[in-house]
Amino acid sequence: MGNYTYTAVPIVEVNTAKSALPTYAAAKTSFFNLKDPNVANQQFEFTLNWEGFGRRTVTSIDVYVSFNKKEASAPAYPIVISTPGNEYPNIFQFPLPSIVRSTDKFYETATTFPKKYTFTAAQLAALVGVSLNGIEVNDYILFKFMVTLEDGHKIATFFNNVCDESRGEPGDCRVGVRFKNQ
């Protein structure tokens, strides 16, 4: 038997009321609508927290952000909800695993929780260094998280068995907003 230890995970709640297009809280995604002439002022909002399962405490979470071009096979919209219990999307909404890469931009270190983040499409585009005019359908902006525990250990990588929203996994190692044209 290995020498295992417990960790904590980031937890995210998307404000679905601020999504420009309908979404589900369990999907951990929001949308900007490129068809709206006021797309620059559409908002993306999420609240970041953590769960230590009664075993670990988080002192901080490093927040990273990136702009990503659409995948070869993007998730369907509207989001399809399937099992179990008609609660979770039938496919994960952003690529897994959620490894912070050298191309991801450090945004900040959060030390008070829960912490709410609210951005307009224009603010996010400026943050990741892209023009809203050059964004295409299914491009997306993704936030990823690194957890620092009370003992100083940093959990830098979360794999599918921690943060796959299509399986209702226990943590949310990433959250994002996808551009659509509806």
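Helices here are DSSP runs of H or I with at least four residues, strands are runs of E with at least two, and both are numbered from the N terminus.

Before I go on, some ground rules. This is a predicted model, where local features need pLDDT of at least 70, side-chain atom pairs count only at pLDDT 80 or more, and totals for chains, interfaces and linings use all residues. Residues are numbered from 1 along each chain as its sequence is written, and side-chain values use heavy atoms, leaving out hydrogens and water.

Now the overall picture. The protein chain has two helices and 13 strands. Its C-alpha trace spans about 55 × 35 × 30 Å along the principal axes. The radius of gyration, taken over C-alpha atoms, is compared with a globule rule of 2.2 Å times the number of residues to the power 0.38. For 182 residues a compact globule would come near 16 Å, and the chain has 16 Å, so the two agree. Buried means under 20% relative accessible area, exposed over 50%, and partly exposed in between, with a 1.4 Å probe and protein chains only. Of the 182 residues, 47% are buried.

Next, the core. A nonpolar core is a set of buried Ala, Val, Leu, Ile, Met, Phe, Trp, Tyr and Cys residues joined through side-chain atoms within 4.5 Å. The largest one has 37 residues, and Phe46, Leu48, Leu124, Phe143 and Phe145 have the most contacts inside it. Elements that each supply at least two of its residues include β3 (43-51), β10 (140-149) and α1 (121-128). Another core lies apart from it, with five residues, among them Leu21 and Phe31.

Take Phe143. Contact means heavy atoms within 4.5 Å. Beyond neighbours within four places in sequence, Phe143 contacts residues including Phe44, Val63, Leu124 and Cys173.

Back to α1. Which of its residues are buried? They are Ala121, Leu124, Ala125, Leu127 and Val128. The arc is that of the directions from the helix axis to the C-beta atoms. Seen down the axis, these buried residues fall within 160 degrees, so they line one face of α1.

On to the rings. Rings of Phe, Tyr and Trp (its six-membered ring) pair if their centres lie within 6.5 Å; planes under 30 degrees apart are stacked, over 60 edge-to-face, and the rest tilted. The structure holds 13 aromatic pairs. Phe32 and Phe179 make a tilted one, 5.2 Å centre to centre with 50 degrees between the planes. Phe32 is in strand β2 (residues 29-33) and Phe179 in strand β13, so this pair ties together parts 147 residues apart in sequence. Phe32 is buried, at 0% relative accessibility. Phe179 is buried too, also at 0%.

Then there is Phe46 with Tyr117. Their ring centres are 5.0 Å apart and the planes sit at 20 degrees, so this pair is stacked. Phe46 lies in strand β3 and Tyr117 in strand β9, so the pair ties together parts 71 residues apart in sequence. Phe46 and Tyr117 also belong to one aromatic cluster, along with Phe44, Tyr107, Phe119, Phe143 and Phe145.

Last stop, Phe53. Phe53 sits in the loop between β3 and β4. Is Phe53 buried, exposed or partly exposed? Phe53 is partly exposed, with a relative accessible area of 43%. Not counting residues up to four places away in sequence, Phe53 touches Thr7, Val9 and Pro170.
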